[in-house]
Each structure stands twice: as C-alpha cells, then as structure tokens.
Amino acid sequence: MIDRRQLLGSGALALAGLAGACSQPGIRIAGMGAASGADPLVRDLQERTFRYFWDTTDPETGLAPDRWPTPSFASIAAVGFALTAYPIGVTNGWITRDQARTRTLATLRFFATAPQGDGQSDASGYKGFFYHFLGVTKGRRFARAELSTIDTALLLGGVLFAQSWFDADDPAEAEIRTLADQLYAAVDWTWITPRPPFVSMGWHPESGFIPSDWNIYNEGLLLYVLALGSPSHPLPPETWDAWTVRFDAQWSDKWGEAHLHFAPLFIHQYSHCWIDFRGIHDKFMAAKGIDYFENSRRAVRAQRNYAIANPGGWTGYGENIWGLTACDGPGDFKLKLGGREREFFSYSARGPDDRDDGTLAPTAAAASIAFEPELAGRAISTMHARYGRGIYGRYGFLDSFNPTLTRTSEPLKHGKIVPGIGWVDGDHLGIDQGPILLMIENLRSGLVWEVMRRNPHIRRGLQRAGFKGGWL
C-alpha cells in the first residue's frame with residue numbers, strides 16, 4: 001500500500017534542510033468578480049463535486065472513500081471535506097437542512113464512539129487522533145496506516161465547521177455542537193511532539209513516532225492553529241513563532257513574485273479552505289508586507305508562469321492549461337517519446353521543477369479560484385473545452401490527466417490512454433474534490449470562511465499564534 005501521507009510530505013522532507021495587504025472581509029479582492037463564481041460551468045462543477053461526497057459517503061457512519069470508483073478504504077481527511085460539503089449543499093438548495101443534519105450527526109456520533117487505543121488493528125485512533133485510512137465496514141485502522149496529525153486536522157476542519165454552522169435551537173444540532181467539542185478536546189497535541197516544539201507527522205503502534213515533523217512552511221497552518229487553540233491540550237503560543245522563523249529558507253521569487261515557495265499547490269490551498277487569512281497577519285507575514293492569502297495568490301501565478309514557460313516541453317501546458325499538485329499519475333516508468341526520454345510517476349506530489357512529468361490535476365487550478373478567479377476560471381473552461389470528453393463526468397473532473405503520454409507499452413498504475421487526449425485517470429480523489437467544492441463556495445458566497453470566523457476555537461488558535469488585524 002502506498003502511504004499517501006508520506007508522499008504528500010515528501011516535499012517537506014526535501015526542504016527540511018533549507019506587496020501590500022489583501023482586502024478585508026466584505027471587500028472584493030482585485031479581480032474577484034462575480035463572473036467566475038456564477039459561471040454556469042463553474043456552478044456545474046461545484047454541484048458535481050458536492051454530489052461526489054453526498055453519493056459516495058456511507059450515510060450510516062459518515063466514512064468517505066479515499067477514491068471512487070476504484071474500491072478503497074475511507075480517508076479521514078475526505079470526511080472533513082464531506083462534513084463541510086453538507087451545509088454547502090443546503091445553501092445551494094441541493095439537499096435540505098434536515099438531510100445535512102442527519103448525515104452530520106451520524107458522522108460525529110461514529111467518530112465520537114470509535115475505539116481509541118494503542119493496539120495495531122482494533123482501534124480507529126489514539127490520543128484523540130485518527131488513523132489516516134479506516135476500513136469502510138467497521139471504521140478501524142486500515143492495514144498499517146499511520147495515526148496522521150495532518151489528516152486529523154483536516155477532519156477537525158469539517159467538525160468545527162459543522163459545529164458553527166448548525167446553530168439552531170434544536171436537540172440534534174445541539175448534539176452536533178457538543179460532539180464537535182468532545183472530538184476536538186480529545187486530541188492530545190502535547191503528546192505528539194517528541195521533538196518539541198514541533199508536531200510529528202504521525203505515529204505507528206509498531207514503531208512509534210514518525211521521524212519527520214511539521215517544521216517548515218506547508219499545509220500545516222490549519223494544524224498549528226488547531227493545536228494552539230485546543231481547550232484541553234494546547235501547544236504553547238511560542239510554538240508558532242518557532243515554526244515560522246524557519247520559513248525564510250523557502251522565500252523565493254522563482255517563477256514570479258517573492259513568496260513562501262512549496263511546489264505542489266495543495267500546500268497553498270488546504271488550510272485556506274477553512275480559514276480566511278485575508279487581512280490578518282502573524283509576525284512573519286507582517287514583516288513581509290503581505291498575508292498568507294496573498295502568498296497563495298502568488299503561488300498560483302507562479303505555477304501559471306511555469307506552465308507558460310514550460311521548460312520541460314510537456315504537451316498542453318500554457319496560460320490556460322496549468323496546475324501541478326499531489327495527484328494520481330500513470331505509473332512509475334521511463335519512456336522515449338519524440339526522441340526524448342521521459343520519466344513518469346504514479347501517485348506523487350508534483351510542482352514546478354519538482355517531479356513534473358506532464359501530469360496535470362484539475363483540482364490545482366479549480367481550487368485556486370478563490371485566489372485568482374479569472375485565471376482559474378479560464379483554466380477550468382479551457383480544460384473542459386479541450387479535454388472534457390475524456391476528463392469530465394458525473395462528479396466533475398477526474399483526478400488528473402497527461403496529454404504528453406499518448407501511448408505506452410508499460411503497465412499503467414492508474415487510468416487509461418484516451419485517443420486524442422492522452423493518459424486520463426480513472427478515479428476521483430476525495431482530498432482533491434473537497435478543495436474544489438469549498439473554494440468555489442468561498443468565492444461565491446464566502447460561506448466557509450464566514451462560518452469559521454465565528455468558531456471560538458479557530459479564533460483562539462489564531463490569536464495565540466499572534467495573528468492581528470482584519471476580522472480578528
């Protein structure tokens with residue numbers, strides 16, 4: 001089994017050795033017109049990605065599959081996105097509040113009663129954290145999956161969103177709020193810091209703590225906000241500055257404006273799905289004269305610049321076809337194409353100058369729509385027009401495609417060759433569908449950001465991290 005958490009963290013391991021504030025909430029960001037959020041294709045994509053979560057998640061347990069239609073284990077991170085998806089469905093009229101409440105309550109009850117323990121296969125989690133992957137029948141640890149800190153954080157993003165959105169004077173909604181507090185308070189952040197002050201990437205009952213920490217700029221923004229905001233086991237406030245003081249090694253202007261660089265775009269998207277970083281600043285970003293939202297905008301533009309330059313000479317790359325992130329790929333092999341040896345990868349974290357094999361992930365561009373509405377909107381439209389017959393279907397875009405790979409005698413790990421398009425993945429991945437749905441809604445209405453601004457745990461975590469200004 002491929003450990004996708006280790007793959008997503010591979011960039012962090014490689015880097016371990018190493019103008020102007022954005023608009024305030026309620027003020028339209030430059031270029032953030034209503035057109036992209038209201039565009040019929042964007043709206044269709046959003047509803048299809050919502051349907052992915054509504055249709056594929058087990059209504060009795062709330063367990064969301066890691067991928068579909070290939071049979072798979074459940075992903076706790078995908079559950080976090082699913083919990084956030086349900087109120088989005090209500091807001092858009094795709095399901096009723098009662099349907100969303102029932103599904104959410106079933107999910108929180110399942111996780112609140114799931115067994116916790118240090119055994120190898122008889123538990124769903126330990127110390128309040130959950131295993132990255134769970135079996136779809138009983139919800140116990142799948143194979144030798146790790147107890148994942150980042151995936152627990154993404155799960156909690158959905159849990160706390162549900163807590164603040166379900167605010168009615170109703171017994172079921174009151175129970176949702178109580179269970180959310182219970183799940184969040186159970187997480188012992190102080191236990192999983194074997195190399196203080198940093199949080200370890202995870203733990204195995206067989207071997208103990210994973211030897212890698214969240215110690216550089218990455219998708220860990222949400223994780224550390226949650227760890228600092230904990231009402232029961234918080235990390236000390238100085239943890240944030242001890243973490244961010246290391247960020248300068250990643251400050252780079254390659255491929256565009258200076259920003260905190262991390263090659264795959266999911267790094268710049270995940271935390272922003274739930275937290276509105278517009279106009280609020282910690283000590284590090286205040287010194288740079290921007291905020292983390294603007295940093296992600298710059299990362300998006302840098303990726304587009306890289307696609308336009310196309311130093312690898314990959315087919316299809318250009319001003320409206322771009323987007324590299326962690327995603328499925330055709331397989332792990334080398335092949336001579338057009339007189340040039342090419343190396344391809346299966347599931348991998350891709351980015352500019354980093355394992356780029358010509359594989360594009362629609363989520364990289366589509367989930368950037370809240371940062372760069374016009375650029376992302378054109379990318380969605382162009383990918384749909386040029387490749388849609390092979391990559392767009394029941395639940396929106398398939399996870400990835402590669403127009404360069406039009407033939408191969410090598411066995412494919414995923415997907416198939418589609419004549420006239422190239423290699424196309426056969427699956428949707430929950431952790432790539434989720435950001436598309438959430439970020440389209442954040443552009444369209446600001447729903448997730450506005451709800452999370454009300455959550456006392458998120459506010460506490462940001463304030464303990466030293467964030468100031470804006471909506472805080």
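A residue is called buried when its relative accessible area is under 20%, exposed when that area is over 50%, and partly exposed in between, with a 1.4 Å probe and the protein chains only. This structure is a predicted model, in which local features need pLDDT of at least 70 and side-chain atom pairs count only at pLDDT 80 or more, while totals for chains, interfaces and linings use all residues. Residues are numbered from 1 along each chain as its sequence is written, and side-chain values use heavy atoms, with hydrogens and water left out.

The protein chain averages a pLDDT (the predictor's confidence in each residue, from 0 to 100) of 93, and 92% of the residues score at least 70. Over residues 1-35, however, the pLDDT is below 50, although this stretch has 84 contacts in the model beyond near neighbours in sequence, a contact being heavy atoms within 4.5 Å.

We can turn next to the cysteines. A disulfide is a covalent bond between the sulfur atoms of two cysteines, counted here when the two sulfur atoms lie within 2.5 Å, and a search of the whole structure finds zero of them. For Cys327 the closest cysteine sulfur is that of Cys273, and because the two sulfurs are 16 Å apart, they are too far for a bond. Cys273 counts as buried because its relative accessibility is 0%, and Cys327, at 0% relative accessibility, counts as buried too.
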